[in-house]
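Have the structure open and try each task before reading on.

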Amino acid sequence: MLTILDLLNHYLGFFNVNTRWKGKIYTILATVGDFYIAYLAVMFYLNKNFLRGTLLVGAFLVIMYFAILNFVYYFTNKTVKWDISPKVEKYLGTQEKKEFGTHQSVYVPANGLYKQNQVLPTTVISDADMQAELQKLADQLLVAGLMHENYNGLSSNEQIALMRVEKIETIYANHPGTPIPYFTVKEERDGLAIYGGVNEMMASRLGRIMSVGLMPIEDALRTYELYPATVTLTGGKGHSIGRSSVIQVQNPYQIQVELAFKKKA
């Protein structure tokens, strides 16, 4: 029975299921397993092994108590006065994992807010000098505590599920990317360049924009007024899907840039 529960727990990790649905499934599984413990307790009593039977009855009552609490929490919108789980959680120091795309801190870009239909993705390239600046910027963000390499709290199974759902080869340690504190765009002889850093004083040239949406940068500059909306640092160390689990990879840092646009008069 325990082997079956362990297998179900293992394979559930491969599916993109939110925490509340997982809680409902695990609650049902725990209840089924608890009645199996009650069956074992009865068998021990029938065989006159009263000590083990009593211990199993105690385990059954404790598990059933928490199973009932979970049923109330996951299947209704009510709470109970005799719920001691917050005290247990505080004592154990546990913390619920973040779900994909939820419970994240709100980031307001320093360059202002734009609607989704007001911005376009870009294609950015960085030469060797710019790559060195990106690596330096990543080191500065790590030291300043502005970039975290914890895979956004995702377990290995959740990372695999996310890569499969999003059809991406690599999930980076700073997923879903680190916003750069300061950035701007400058029109240069060879097009449009992105400058950025931890502040304006330490900003450096990080990349050249080659296209905006489906338009080459030359056509975009002739047609639209362009404004920097978001610049996000990604890359570095990460995980890709291996034969049986995730494997460690190391890629160059890169920037993802969105530009706001307004048609020229």
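**Exercise 1.** How many salt bridges does the rule give?

Solution. Start with the rule: a salt bridge needs a side-chain nitrogen of Lys or Arg within 4 Å of a carboxyl oxygen of Asp or Glu. Applying this rule gives five salt bridges. The model is predicted, so local features need pLDDT of at least 70, side-chain atom pairs count only at pLDDT 80 or more, and totals for chains, interfaces and linings use all residues. Residues are numbered from 1 along each chain as its sequence is written, and side-chain values use heavy atoms, with hydrogens and water left out.

**Exercise 2.** Find where Lys136 and Glu133 lie.

Solution. First, the closest N and O atoms of Lys136 and Glu133 are 3.7 Å apart, which makes a salt bridge. Next, both residues belong to helix H5 (residues 128-143), three residues apart, or about one turn of the helix; helices are DSSP runs (H or I, at least four residues) and strands likewise (E, at least two), numbered from the N terminus.

**Exercise 3.** Which strands hold Glu188 and Arg205?

Solution. Begin with the distance: Glu188 forms a salt bridge with Arg205, with the closest N and O atoms 2.8 Å apart. This pair links distant parts of the chain, with Glu188 in strand S4 (residues 182-188) and Arg205 in strand S6 (residues 204-212), 17 residues apart. Finally, check accessibility: Glu188 is partly exposed at 24% relative accessible area, and Arg205 is partly exposed at 23% (buried is under 20%, exposed over 50%, partly exposed in between, with a 1.4 Å probe and protein chains only).
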